Amino acid sequence: MRPCTPQELKEKLDRGDDFVLLDVRNDDELASACIQGCMHVPLDKLDDRMDDLEALKTKEFIVMCHHGLRSQMAQEYLTVQGFKRVRNLDGGIDAYAMHADPGVGRY
């Protein structure tokens with residue numbers, strides 16, 4: 001699936017669309033900048049949390065990290081696990097804060 005742009009994510013959040021925003025950054029990164037309502041599962045814990053994620057499998061997932069590399073890896077992993085609607089946030093939370101919502105903060 002094509003990546004999700006920061007502006008597209010902002011619009012989805014503003015509309016209250018039903019999707020899972022999955023943040024795969026580490027705990028310390030989450031403390032630096034966070035989008036309200038995200039589901040936090042660090043990339044290295046993804047396999048351990050598959051039961052939680054399986055329950056949401058029919059929803060659209062938008063996966064994010066700091067710049068987009070780890071979330072791309074998570075997107076690929078989830079796709080292999082049978083998730084059909086998984087998108088990577090283009091540029092990660094850094095691009096989101098720069099282009100869509102400066103209130104999120106950057107680090």
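Which residues of α5 are buried? In the predicted model described here, local features require a pLDDT of at least 70 and side-chain atom pairs count only at pLDDT 80 or more, while totals for chains, interfaces and linings use all residues. Residues are numbered from 1 along each chain as its sequence is written, and side-chain values use heavy atoms, with hydrogens and water left out.

In helix α5, the buried residues are Gly92, Ile93, Asp94, Ala95, Tyr96 and Ala97. Here, buried denotes a relative accessible area under 20%, exposed one over 50%, and partly exposed a value in between, computed with a 1.4 Å probe on protein chains only. Helices (H or I, at least four residues) and strands (E, at least two) are DSSP runs, numbered from the N terminus. Because six of the eight residues of α5 (residues 92-99) are buried, this helix is largely enclosed by the rest of the structure. Its buried residues pack against α1 (6-15) and β3 (61-64), where contact means heavy atoms within 4.5 Å.

The protein chain as a whole contains five helices and four strands. Along the sequence, these elements follow the pattern α-β-α-β-α-β-α-β-α. The radius of gyration of the protein chain is 13 Å, close to the 13 Å that the globule rule gives for 107 residues, so the chain is as compact as a globular protein of that length. This radius is taken over C-alpha atoms, and the globule rule is 2.2 Å times the number of residues to the power 0.38. The C-alpha trace spans about 35 × 30 × 20 Å along its principal axes. Of the 107 residues, 44% count as buried. Among contacts between residues at least 6 apart in sequence, 65% join residues at least 24 apart. The accessible surface of the protein chain comes to about 5,700 Å², of which 48% belongs to carbon and sulfur atoms; these areas come from the Shrake-Rupley method with a 1.4 Å probe, and for residues only the protein chains shown count as cover.

Gly92 is found in α5 and counts as buried, at 0% relative accessibility. With neighbours within four places in sequence set aside, Gly92 is in contact with Cys65, His66, His67 and Gly68. The C-alpha atoms of Gly92 and Gly68 are separated by 4.6 Å, although the two residues are 24 residues apart along the chain. Asp94, which also belongs to helix α5, is buried with a relative accessible area of 9%. Outside the four neighbouring places in sequence, the contacts of Asp94 are with His66, His67, Arg106 and Tyr107.

Asn88 is placed in strand β4 (residues 86-88) and is buried, with a relative accessible area of 9%. A polar atom of the Asn88 side chain lies 3.2 Å from the backbone oxygen of Gly68. The C-alpha atoms of Leu69 and Leu89, 20 residues apart along the chain, are separated by 9.8 Å.

A search of the whole structure finds one aromatic pair. The rings of Phe61 and Phe83 have their centres 5.3 Å apart and their planes at 85°, so the pair is edge-to-face. Rings of Phe, Tyr and Trp (its six-membered ring) pair if their centres lie within 6.5 Å; planes under 30 degrees apart count as stacked, over 60 as edge-to-face and the rest as tilted. Since Phe61 lies in strand β3 and Phe83 in the loop between α4 (69-80) and β4, the pair ties together parts that are 22 residues apart in sequence. Phe61 is buried, with a relative accessible area of 0%, and Phe83 is buried, with a value of 3%.

A disulfide is a covalent bond between the sulfur atoms of two cysteines. Under the criterion of cysteine sulfur atoms within 2.5 Å, the count comes to zero disulfides. Cys4 is in no disulfide, and the nearest cysteine sulfur, that of Cys65, is 13 Å away. Cys4 is buried, with a relative accessible area of 0%. The sulfur of Cys34 is 3.9 Å from the closest cysteine sulfur, in Cys38, which is too far for a bond. Cys34 is partly exposed, with a relative accessible area of 33%.

Key
A polar contact is a pair of N or O atoms within 3.5 Å; within protein, one must be able to donate a hydrogen and the other to accept it, and residues adjacent in sequence count only if both atoms are side-chain atoms.
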